[in-house]
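Subject: Structure handover

Hello,

Please find the structure below, with the sequence alongside. My notes on its surface and its pockets follow.

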Amino acid sequence: MSHTTQLPLSGSETGAGEAAPAAPSRTRRRPRSQQWAAWAFLTPVTLYLILFYAYPLYRNIDLSLRNYTVRSFVQGDAPFTGLENYRTVLADATFLPALLHTVLFTVVCLAFQYVIGLALAVFFHQHFQLSATLRALFLVPWLLPLIVSASTWSWMLNSDSGIVNAALHGMGIAPVNWLTSPSWSLTSVIIANIWIGVPFNLVVLYSGLQSIPAGLYEAAALDGAGAWRRFWSITFPLLRPVSAITLLLGLVYTLKVFDIIWIMTKGGPAESSTTFATWSYQLGFGNLLPAFGPGAAVGNLLVVAALVFGLVYIRVQRKQAWS
């Protein structure tokens, strides 16, 4: 039985008036159902950003540019004053002390949180017994609500019945007025905030240590490098990207710390622990005659500072992605 092979017809052998079928297009439009699904996923996020970020920011800017009183705040007829509220804030006697306290609070907290967190991360990286259990215990300050942490520190640092002064008395040291002395109030809130922020640094830096190849340490040990040399030559340089992200995120968070300071000292005594965050709240809500405009202006100064460091954080992330 013979087999015949059917050969494709050439263009001339097709019908004279018939055109060859067009090749399918490589780029096809996305089906309408997929487009609707994409918009459905984006809508909740967009609404969330508008309601809880864009609108409050707009209202805060509007507050800082108008002369709001309690009556005009309700009726919405506050006169436009431009940058007058910002000039009032800059000329206020509280501005420079609040700026100094904010800088000191942020820098000291960041330095101690990073150093202690890094030391604990290196310590737990040794993988000894109960390492996981102890790491979990160190996360407790981070998991507790801030009001609980601040209230606990207020009790511990109480001048009369605090456990810290009781311990000092047992060692023969005179008690310290931690929360009621202008010389110690800022130190007290700094100590409490360091205790709360160490677990965050521990977790992030420990994850960075996990990504460093163990072979580098083995090779350095064979070359005779000690523990301290291995840390400065391997651990610290390779942790720089993670350290930058940790410090930038901690900076943005520490700038706006309010709960701990307000619960422990309310910015006092005599404004000795007042920062921009507590000053903004006190101007807007802490007086019988609230100054909504200046309070919003102080808050916007914090927003600008956080935005600047946030842009730095994004730039660092992009450099890491390109490298």
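The model is predicted. I began with the surface, where Leu-130, Leu-134, Leu-137, Phe-138, Val-140, Leu-144, Ile-147, Val-148 and Trp-195 make a nonpolar patch of about 760 Å². Two helices, H5 (131-138) and H7 (146-156), each contribute at least two residues to this patch. H5 has the largest share, with three residues.

The largest pocket holds about 640 Å³ of space. It is lined by 18 residues, and Leu-57, Lys-256, Gly-299, Leu-302 and Val-303 are the closest to its centre. Helices H1 (32-64), H12 (240-255), H14 (276-285) and H15 (292-322) are the elements that give two or more residues to this lining. By type, the lining of the largest pocket comprises 14 nonpolar residues, three polar and one charged.

The second largest pocket has a volume of about 350 Å³. Its lining consists of 14 residues, with Val-122, His-125, Gln-126, Tyr-217 and Thr-235 nearest the centre. Helix H10 (214-222) and helix H11 (227-238) each provide at least two of the lining residues, and H11 gives the most, five. Nine residues of this second lining are nonpolar, four are polar and one is charged.

Regards

How values were computed
Residues numbered from 1 in each chain as written. Predicted model: local features only at pLDDT ≥ 70, side-chain atom pairs only at ≥ 80, totals over all residues. Heavy atoms only, no water. Patch = residues over 30% accessible without salt bridge, like charges linked within 9 Å, V, L, I, M, F, W, Y side chains within 5 Å. Areas by Shrake-Rupley, 256 points an atom, 1.4 Å probe, with all protein chains shown as cover. Salt bridge = Lys/Arg side-chain N within 4 Å of Asp/Glu carboxyl O. Helix = DSSP H or I, 4+ residues; strand = E, 2+ residues; numbered from the N terminus. 1 Å grid on protein atoms, 1.4 Å probe; cavity = no way out; pocket = protein on both sides within 12 Å on 5 of 7 lines; lining within 4 Å. Points joined across faces, edges and corners; volume = space filled by probe spheres on them. Nonpolar A, V, L, I, M, F, W, Y, C, P; charged D, E, K, R; others polar.
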